[in-house]
Amino acid sequence: MSAISVASHDKSSRAQVLPVALAAMGVVFGDIGTSPLYTMKEVFNAHHGLAVTPDNVLGVLSLVFWALTVVVSLKYVVFIMRADNRGEGGIMALTSLALRTTRSPRLASAMAAVGLFGAALFYGDGVITPAISVLSAVEGLEVATPAFKPYVLPISLIVLTGLFLIQSKGTARVGAVFGPVMLFWFATLGVLGAINVVRHPDVLRAINPAYALAFFEANRGLGFLALGAVVLAITGGEALYADMGHFGRRPIKLAWFGFVFPALYLNYLGQGALILDDPEAVKNPFYLLVPEPLLYPMVALSTLATIIASQAVISGAFSLTKQAVQLGYSPRIHVVHTSEKEVGQIYVPNVNWMLLGAVVALVLGFHSSSALASAYGIAVTLTMMIDTVLAFFVVRTLWNWGLGTSIAFLLVFFAVDFAFFSANTVKIFDGGWFPLALGLAIHTLLMTWKRGRAALTERMRVDTMPLNLFIQSMFHDPPIRVPGTGVFMTTAPDGVPRALLHNLLHNKVLHARVVLVNVITDDVPYVPVSERVRVEELDFGFFRVFVRYGFKDDPDIPAALALCESQGLPFELMESSFFLGRETLIPKAGSPLGLWRERLFILMFRNAHSAADFFCIPANRVVEFGTQIEL
């Protein structure tokens, strides 16, 4: 899906916004749109012990409505989606904005760590969403006939495996149908719900928050635990913010308030009306809403909707990984562009297979959507809490809200988030540990890489010769100069790259032009091409080039160097050689990283993707020099 600026959406007419809103349905609302498959069923799961009474049904429906209203509509659509980083949303963008609000290194470090943990939790969501969604859809076959029960697990695994196998082909071709399919999906949800609401219009009273309060008063502990299942109705709400950069705030807002929210809640009301008429329907109210002749087509449509929802989460994991690499939290990793036209269409093989392995393990380990529901929710609610805390710094400092208003914002939304989170903590030993453990493991890897790179950079800085002294020495003992351009990548623009010293030591020559390239990743999604490069001409044929990228840009050093001609540095690829260093790290006692983290960093460093491939440097133009470094 092409990235369209928020500004263009805000200025566009309704006729222009509607097609984008339709496209957004196929990406943004897939996760939250498939929640009706399992939410009501899990709230009244016998394991929770909540009685199926009219008051409890109305209370739960009231909780669902106000959860969708407060968390999704108010918090994300009305407030947090305004916190865009040059049009981009998501926890990485929000963290970048929050970091601009403080000059305290300690607070900035804490906010970065918290934001990064929220990003790491997304991978847990990326594993559970496909598993629970597809399982819930295929379980509709059991409603049609119990004879299908033994086949639910194999069919689900086949669907999920196929979903991950096609990722390398890209989604550009099938992506065009995502929007219309989800439009039909939400229309179907609304119609099925409306039919039952007409039969039992009393359920409309659930919009009154008094029913939610009465529910808590009557059930107390059980009512609190029920929040752990009610939260399933809002999982995917944060995706509205994360995908804002692709579609813009206005189309997402229009689609949510104009169609998705009403259709979703109509379906929940319809399920509630069905349960009021027949309490036995609580075993699977979603599929029991469907007329019997349409049950098999509905299973097919539900499966297709869950595949689309899963696709959005998987693509989000690919995009997040790429951002982590650009921001220096992950080693270079192989990224495949699956579309020649759309920059955002990428495939990350390592992440794809990791997710597939985890999804298969989850399905085989939990066997059913009801069992998986115990693992779902805790990662999402924790991420929502992190979003609220980071948003507080944004509204207080960047938006210049008053202290009282900012604190009120924090308290209201944090109280709601914390209520959902604490209700989910009882699920930790029933499976909730999985997304937390996965998130913690990924957070450890990301922080290890960040700290390890900082330690390596400091270690190399100590041993690096100052560039100005090196250039001055050239006047006293000039080496032989050969035609062409020597390009040296460097992380320390004021120092001499080790590869340059090795080249001079072994080959005894320097190129007529020596270009030192320093890549800078800004905390913005994209850097305009007009601001991509800055050239500094030094003495003795040396040039220093600063190349800037955003965390969603694709690094391409030859393309960047081609832009230098306008600043007095013409570049011809076939007359240039790129000199890269290939460091071998050796563990050292007393490392500032600690023994286990040092060994983990070295392992990650050894398996990092090559710099030449990452920066799109042709292999036949690359010369590598190896060196050993003690950490």
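Predicted model: local features only at pLDDT ≥ 70, side-chain atom pairs only at ≥ 80, totals over all residues.

A residue counts as buried under 20% relative accessible area, as exposed over 50%, and as partly exposed in between, using a 1.4 Å probe and protein chains only. Numbering runs from 1 along each chain as its sequence is written, and side-chain values use heavy atoms, with hydrogens and water left out.

**Helix packing: H7 with H18**

- Helices and strands here are DSSP runs (H or I of at least four residues for helices, E of at least two for strands), numbered from the N terminus.
- Helix H7 (residues 105-138) packs on helix H18 (residues 349-366) at an angle of about 50 degrees, and their axes are 9 Å apart.
- That angle makes H7 oblique to H18; angles under 35 degrees count as roughly parallel, over 145 as roughly antiparallel, 65 to 115 as roughly perpendicular, and the rest as oblique.
- Axes are lines fitted to C-alpha atoms, for helices over the stretch in contact, and angles run from 0 to 180 degrees between N-to-C directions.
- The crossing of H7 and H18 is right-handed; a crossing is right-handed if the near helix is turned clockwise from the far one by less than a right angle, and left-handed if anticlockwise.
- From H7, Tyr123, Gly126, Val127, Ile128, Ala131 and Leu135 meet Val351, Met354, Leu355, Ala358, Val359, Leu362 and Val363 of H18, where contact means heavy atoms within 4.5 Å.
- By class, the contact of H7 with H18 holds twelve nonpolar, one polar and no charged residues; Ala, Val, Leu, Ile, Met, Phe, Trp, Tyr, Cys and Pro count as nonpolar, Asp, Glu, Lys and Arg as charged, and the others, Gly among them, as polar.

**Helix packing: H5 with H11**

- Helix H5 (residues 54-79) and helix H11 (residues 209-219) have axes 7 Å apart and pack at an angle of about 125 degrees.
- H5 is therefore oblique to H11, and the crossing of H5 and H11 is left-handed.
- Residues of H5 including Asn56, Ser62 and Trp66 meet residues of H11, among them Tyr211, Phe215 and Asn219.
- The contact of H5 with H11 divides into nine nonpolar, four polar and no charged residues.

**Buried residues**

- Glu139 sits in the loop between H7 and helix H8 (140-144) and is buried, at a relative accessible area of 8%.
- The side chains of Glu139 and Lys41 are joined by a polar contact of 3.4 Å, meaning a pair of N or O atoms within 3.5 Å; within protein, one must be able to donate a hydrogen and the other to accept it, and residues adjacent in sequence count only if both atoms are side-chain atoms.
- Asn267 belongs to helix H15 (residues 249-277) and is buried, with a relative accessible area of 0%.
- Leu456, in helix H22 (residues 433-462), is buried at 1% relative accessibility.
- Leu456 and Leu585 lie 129 residues apart along the chain, and their C-alpha atoms are separated by 9.1 Å.

**Loops with positive phi**

- Arg220, in the loop between H11 and helix H12 (221-230), has a positive phi of about 45 degrees although it is not a glycine.
- Asn400 lies in the loop between helix H20 (378-398) and helix H21 (403-424), and Asn400 has a positive phi of about 60 degrees although it is not a glycine.
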